[in-house]
Amino acid sequence: MHMLSHAEASEKFIANQERTDWHDDTLWFVRAKRDKASKLLPEWEALREQASQIKEHMLSNLPQYLLEFEANAQANGVQVHWAKDAHEHNEIVYSIIQKHGDKALVKSKSMLTEECHLNAYLEQRGIDVVDTDLGERIVQFRKEVPSHIVLPAIHLKKEDVGETFHQHLGTPKGNKDPQFLTEAARIHLREKFLEAKVAITGVNFAVAETGEFVVCTNEGNADMGAHLSDVHIACMGIEKIIPKRQDLGVFLRLLARSATGQLITTYSSHFAKPRAGQEMHIVLVDNGRSRQLARDEFRNSLKCIRCAACFNTCPVYRRSGGHSYHQPVAGPIGSILAPNFDKKANVDLPFASTLCGSCSNVCPVKINIHEQLWFWRQDLMKEGLAPAGKVLGMKFMAWMMANPTIFRMAGGMGRKVMNWFPFLVNNGLNPWYKQREMPAPPKQSFQEWYKSNRL
Amino acid sequence: MRVALFVPCYIDQFYPQVAIASLELLEKLGCEVTVPAQQTCCGQPMANSGFAHITGGCDTNFETNFSGFDYIVGPSGSCVLHLKEHHPDAKIRASVYEICEFLVDVLKVKSLPAYFPHKVGLHQSCHGQRGLRISSMTELNEKPFSKLTYLLDLVEGCEWKYPERQDECCGFGGTFCVTEEAVSVKMGQDRIQEHQANEVEYIVGADTSCLMHMEGILKRSASNVGVKHIVEILNAHA
């Protein structure tokens, strides 16, 4: 199947203008809430700087902090596993489940397991995975993937959810009352929580000095799963480490304010050791992170705490929807993470931006996202991943701009036939003209005017 | 003070009135202005498309034309930002200014003999705003300021308005405007709608590329709202 490029998928998304406007307004509302919350803290910019520096320090000392975390977690009675890639991660999780002979598990939100495509892996092996985050359960019913890392079903309206629940949970057809539908999901999920012996959670922060980890949710679904289960498996990327428990005082204040404008997530749960009779596992996953860490321009993309503030502020994301990014993590941060996984498949993503820079401004850990988009463009084009026509056009333009005489000549002809910029030619195929006009060509260029009036 | 006027390639070809207004304005304010005749382009269209590795000839041509001046001044935040961030020559990087920041920070303009009795909507182009910090940004927890509104307030008769979303991108984005045509146009339409809700006569900004994009959409819909570069207003007289 041909995977749609970001531009192609966006065009389809925008074809429904009403839904696009709704999507844009809804996420802009979240951005506005984030602005308000951040402006209530006089120390906001200092907090961002501190968070960025803690992560900088962590990245520079990652091996030692990982080993410290492992030792402390083991001392707490937690079993620690190392996975070099997605496949190893999935194998480890499956082997733990198999050992207990279970056929079903509950899972709270974990973008890492999305990145590793764990659900598909387990389902192929006969395991029934139940996503317990409400938004994730909705997209799971629909056999879709999350379109947003904090608001997984933000591409859907309440009518869509009503229809989905009618099909899967037997709610009355046409009922789209959010409170009613949420209650239906609650009853459905309670059963799953009570049945499941194994629970998987993600990890927001793992504290090296204590070996504990913190999981942030608004629905309490991670806690419900972890506390009711016999086996708790926490899956995390290796960059989720923070050195000290006191660092949480920085990150927990930034995370929810950046994500939704809340002062703090409803549940910020600390897991330190298994309760009596319970097994607790942590899977530490690399999956390309050490490769990214070795790239000077891109290493600090690993500071990301997955708040999605860059999604909500991005004027492109708001008008193209998360699925147009064809990656588990969409939005501006996804566009700088994705080429690390597969340059060719994700060559379009660093170009799905105007480089407006708003993403870098909202980022709570000050990742220079828009600059990294620029660096990825250079990297990908240098590797020869540009379409042949683009290379030719760019080479022609570079040659013309290096030769003033050619430029003046081309300009004189170009203004008459409007083919001056290679991409502005009006041949009926140029996308500029689909919904826009060009300026009326002036009689004289500025340089011609200057010659006849000033010299 | 020897100032070289940098006229971005598409302004030279399509918007000569913006360059003329820049020249006249700088002269009016006492600058000795030179227009290097063999200038072409800053190299940004190639670099932002991922081809910074082939802009060497363009960079050299820029350096040949613009070396030896106290200041290089141009009416485009985007092109100036590109030069400041990516031109190989340190002297070029240090002496290049966007014209509004030059007026405010270097010339320290306190008054202007300008008259423009119209209501305008201010478009804050991202590279000038976020890149060059011509104004404060709504994302940051910082004291509001704007070199653009400071200058517009010196113009007699000019009333300016921000759109509802004060600093959202218009969607031009260089080659983005054609490679991501659907999103680009939608972003432009949304900006325009907010300006129209304010009943402005012109959309005004410090980057002609953004204005060209919005003008293209305005013209297609036969709107009576026009676009103007801010220097055309600062240079307007009765």
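Predicted model: local features only at pLDDT ≥ 70, side-chain atom pairs only at ≥ 80, totals over all residues.

Student: How should I read a sheet, and what is the strand order of the one in chain B?

Tutor: Strands of a sheet pair through backbone hydrogen bonds, either parallel or antiparallel. Strands are DSSP runs of E with at least two residues, helices are runs of H or I with at least four, and both are numbered from the N terminus. Two strands pair if DSSP finds at least two bridges between them. In chain B, four strands form an open sheet in the order β2-β1-β3-β4, with parallel pairing. Because β2 (32-34) and β4 (96-98) of chain B each have a single partner strand, they stand at the edges, and one side of each is left without a neighbour in the sheet. On average, neighbouring strands of this sheet are turned by 35 degrees against each other, direction ignored.

Student: How many bridges join β1 to β3 in chain B?

Tutor: Three bridges join strand β1 (residues 2-5) of chain B to the parallel strand β3 (residues 71-74) of chain B. For L5(B), the bridge partner in β3(B) is V73(B). Helix α2(B) packs on the sheet and touches β1, β2 and β3 of chain B. Its direction makes about 170 degrees with that of β1(B); such angles run from 0 to 180 degrees between N-to-C directions, with axes fitted as lines to C-alpha atoms, for helices over the stretch in contact.

Student: Which pairing, parallel or mixed, has the sheet of β8, β5, β6 and β9 in chain A?

Tutor: That open sheet of four strands, ordered β8-β5-β6-β9 in chain A, has mixed pairing. Within it, β5 (residues 205-207) and β6 (residues 213-217) of chain A run antiparallel and are joined by two bridges. F205(A) has V214(A) as its bridge partner in β6(A).

Student: How do I judge burial, and how many residues of β7 in chain A are buried?

Tutor: A residue is buried if 20 or more other C-beta atoms lie within 10 Å of its own, exposed if 12 or fewer, and partly exposed in between, with C-beta atoms placed from the backbone. Strand β7 (residues 231-237) of chain A has seven of its seven residues buried. V231(A), I233(A), C235(A) and G237(A) cover one side, and H232(A), A234(A) and M236(A) the other. Four bridges join β7(A) to the parallel strand β4 (residues 198-201) of chain A, and seven bridges pair β7(A) in the parallel sense with β10 (residues 279-285) of chain A.

Student: How is the length of a helix read, and what span has α18 of chain A?

Tutor: The expected span is 1.5 Å times one less than the number of residues. Helix α18 (residues 369-382) of chain A has 14 residues and reaches 20 Å from its first C-alpha to its last, close to the 20 Å expected. Its buried residues include W374(A), W376(A) and R377(A). Among the elements that cover the buried residues of α18(A) are α16 (331-341) of chain A and α3 of chain B. Just after α18(A), G384(A) takes a positive phi of about 80 degrees.

Student: Into which domains is chain B divided?

Tutor: Domain bounds come from an automatic or database domain assignment. Chain B has domain 1 (2-106) and domain 2 (119-234), whose C-alpha centres lie 21 Å apart. Their contact takes 24 residues from domain 1 of chain B and 21 residues from domain 2 of chain B; two residues are in contact if their C-beta atoms, placed from the backbone, lie within 7 Å.

Student: Finally, how many residues does each chain give to the contact between the chains?

Tutor: Chain B gives 60 residues and chain A gives 62 residues. On the side of chain B that touches chain A, 31 residues are nonpolar, 19 polar and 10 charged. Here Ala, Val, Leu, Ile, Met, Phe, Trp, Tyr, Cys and Pro count as nonpolar, Asp, Glu, Lys and Arg as charged, and the others, Gly among them, as polar.

How values were computed:
Residues numbered from 1 in each chain as written. Chains lettered and ligands numbered in written order.
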